[in-house]
Every structure is written in C-alpha cells, then in structure tokens.
Amino acid sequence: MIEHTTPASPRWRQRPPGSNWGDFGPDDQAGRMNLLTPSKVLEGLAEVRDGRTFCLSLPLDFPGGNVLNEKRRPPILRPTLRNGRPNMNYKMFTELLNLTDVLCDDLAVLYLQYSTQWDSLAHVGQMFDANGDGVPVPVFYNGYRAHIDMIGPEDPADAGPPVAGVTHSTSHAKALGIENMAERCVQGRAVMIDLRAHLGDDRVNVGYDTLMRILDADRVEVESGDMVCLHTGYAQRLLDMNRQPDATVLDRSCAVLDGRDERLLQWITDSGLSALIADNYAVEAQPARAFDGCCAALPLHEHCLFKLGVHLGELWHLTPLAEWLRARGRNRFLLTAPPLRLPGAVGSPATPVATV
C-alpha cells in the first residue's frame, strides 16, 4: 500500500512506504548525512586514544580485471602532453638550457566505482508512482527525476571510455551527485560490526536475527548518526589474490546482508545510521533471494539509497582495523571518508582513514 502524505515537494505527491522523503526538507540531497552533525564529529574525536591511523582503501587498481563487474575496469594512467611530447620525465632544459627541472604529469581514466568507493544517492533509483496517478516513473531519492535531474546519453557512442579527441562529459547528475556528500566532509563516529569473527570466511546471508546476535555478543551499540562498517574479510581475500580475482572462490566467500529481510531493513531505518559500509562487493547478497512479483534486484540498495538517503560504501579494506579493535575490546573509532568533490558523478573512489 502506498503511503500518502501532504505534498512536500513539487517532484512527488506520494512517497514510498518506509521512506523519509521530505523529512530533511523538500529539496534535500544529503539524506541521512544530515545526521552526521558536529556532535557526531566530537563523539568520533572522543574515540581517539592511541593516535594510530588505518588506511581503509584498497589500492585503486584492485580487485584487478573485470571479474566482479564486467562493465568496470582498472584505472589507466597516461602522461599529459607538453610541447607535443609525453610529459613524463620531461627535461625542462629542452625548453631553456639553464633549467634543471624534470617534470612528470599524468591523467587517469578512472571507473569511479571499480574499487573502494562510495555510492551517491544518484546511483540507484526505482520505478515508482511518485505522481500518484497510477503510472510508475523513474525516480530517485526525494523524488528527483531521471532525464530531468539525471542526464545521460541515448547513443552508445557517448558511453564508455572516450575516444581520441573527445573532451566533454556526456552524463551528469544535476541533483544527488557525489559532490553533495563531499561537501559534508564525512567525518564522525563509526562503529565496526565484525561479521567475520563470528561467521568465518564462508558465504553466509546475514539477516536480522544473526546480526542482532553478533551485536549482543560484542556489545555493539549503533546510535543515530553513526557510520556503520561491516567486516566480512572479502577485501582481504581480494588483496591476497593480488589482482587475479577468482570468481569461483569469491562467490562462495564471506558474509553478505540479506536485503530481502524486512526486519533487517527496518533495523537500518530505526538505528538512525548515517552511512552503511562493507568490505564486500555490494554490501548485500547479489543476486538477492528470489521474490515473487515486481521487486528491486538490489533491495538493500533500494531501501538505503532510494528510500532513506543512506550512502553505501563498498570494497573498503577493513580487516587490519577490525582485528586491531577486536584485540582491544573496542568497536568505535573516528572515521574520515570524503569522496571526490566531482560535480555530477554518481559514485566516487575513497581513501577512508580510521583514527583510533
């Protein structure tokens, strides 16, 4: 049944059941990043006791190849041009005899969600009857519209890596782009949930009951505004494979959230978490459990990105931090994790830093 509300935005007349559209304002583009307040930053700082830091990013050329996602490929680095020559080990005395400088300058062809990443709220939308006229339309968080707020080409020639001479962008999230997250700085208290310590390295679908048992066993408390990290060991597996990922092994490896578990989704709503992060490929099981009727292929993405405005972090390297925290009976830390401030992008690499 559709949840009827007083219109809160010119973009929608009814919002999805269980969503928070309009709760942060009719034109909100930050979602539950709004809960990452100055007080949450202070709570994060209060968790710093040792002054030790952990880099939570994989090298951005991991996992290697395109086994995890055939559409995404490793970064390509190339030198820029200077006076018609490759600008790598460029000797400035070729321009003026008395100059001693040797320059290197490069560019990257970068798939923004290949490795350690943030999903923006423009990453996943749904077909939904936002107008209340019985006709589903393609719409994103807070009612922002495909083809109006999310602009992209129809011609396949305008997609994929650019050909020589092409210097213009062909897609742009005019709303909900990753720059909205970057402007919030993404710093505050984070909470580690160590699934691997309890479930091992085999593939396990984690629903509400299992998650609650782990939280109780480790005395983990998640409060409003906390960023939640799920350690499964998956990114460590990728590192151990050294850019040669084995799909048959990975498909059987490490815990994933059961996005079809309604009680688990309700816990995400009720907890007030501001971001949900995992060291695996999609946070949730992909493919999701079978479901009769029309449904989202990625139900947890639907719930978080589309309904709640909860950003998702994927393929973070959490194992060293998780093991360090567990050895000391801790599960909270200061997390600093802004994405690239790249206007119009729907995702971004990240180099998150945990400070303990």
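Student: How many residues line the largest pocket, and which of them lie nearest its centre?

Tutor: The model is predicted, so local features are reported only at pLDDT of at least 70 and side-chain atom pairs only at pLDDT 80 or more, while totals for chains, interfaces and linings use all residues. Residues are numbered from 1 along each chain as its sequence is written, and side-chain values use heavy atoms, without hydrogens or water.

The largest pocket is lined by 44 residues, and L110, L112, G160, T170 and S171 lie nearest its centre. A pocket here is an open set of points on a 1 Å grid over the protein atoms alone, with protein on both sides within 12 Å along at least five of seven lines; lining residues have an atom within 4 Å of a point. The space in this pocket comes to about 1,900 Å³, a volume being the space filled by probe spheres set on grid points joined across faces, edges and corners. By class, its lining holds 25 nonpolar, 14 polar and five charged residues. Asp, Glu, Lys and Arg are counted as charged, Ala, Val, Leu, Ile, Met, Phe, Trp, Tyr, Cys and Pro as nonpolar, and the others, including Gly, as polar.

Strands β9, β13 (150-151) and β14 (172-173) each give at least two residues to the lining of the largest pocket. Strand β9 has the largest share, with three residues. (Strands are DSSP runs of E with at least two residues, helices runs of H or I with at least four, numbered from the N terminus.) L110, one of the residues nearest the pocket centre, sits in the loop between β9 (106-109) and β10 (117-119). Its relative accessible area is 34%, so L110 is classed as partly exposed; buried means under 20%, exposed over 50%, and partly exposed in between, with a 1.4 Å probe and protein chains only.

L110 also belongs to a nonpolar surface patch with L340 and L342, and together the three have about 220 Å² of accessible area. Such a patch takes residues with over 30% relative accessible area and no salt bridge, joining nonpolar side chains (Val, Leu, Ile, Met, Phe, Trp, Tyr) within 5 Å and like charges within 9 Å. The areas come from the Shrake-Rupley method with a 1.4 Å probe.

The second largest pocket has a volume of about 630 Å³. Of its 25 lining residues, E262, C295, A296, E302 and K307 lie nearest the centre. Strand β11 (126-128) and helices α7 and α8 (299-308) each supply at least two lining residues, and α8 has the largest share, with five. This lining divides into 14 nonpolar, six polar and five charged residues.

The largest cavity has a volume of about 50 Å³. Among the residues that line the largest cavity are P63, N66, R72, Q113, Y114, Y281 and L315, and the lining as a whole has six nonpolar, five polar and one charged residue.

The charged contacts follow. The whole structure has 19 salt bridges, each a side-chain nitrogen of Lys or Arg within 4 Å of a carboxyl oxygen of Asp or Glu. R341 and E183 form one of them, at 3.6 Å from N to O. R341 lies in the loop between β21 (332-336) and β22 (347-349) and E183 in the loop between α2 (179-182) and β15 (187-194), so this pair ties together parts 158 residues apart in sequence. R341 is exposed at 62% relative accessibility, whereas E183 is partly exposed at 43%.

R189 and E223 form another salt bridge, with their closest N and O atoms 3.1 Å apart. R189 belongs to strand β15 and E223 to the loop between α4 (208-218) and β17 (227-231), 34 residues apart. R189 is buried at 5% relative accessibility, and E223 is partly exposed at 32%.

D209 lies in helix α4 and R263 in helix α7 (residues 262-271), so the pair joins parts 54 residues apart in sequence. D209 is partly exposed at 39%, and R263 is partly exposed at 45%.

Key
On a 1 Å grid over the protein atoms alone, a cavity is a set of points where a 1.4 Å probe fits but cannot get out, and a pocket is an open set with protein on both sides within 12 Å along at least five of seven lines; lining residues have an atom within 4 Å of a point.
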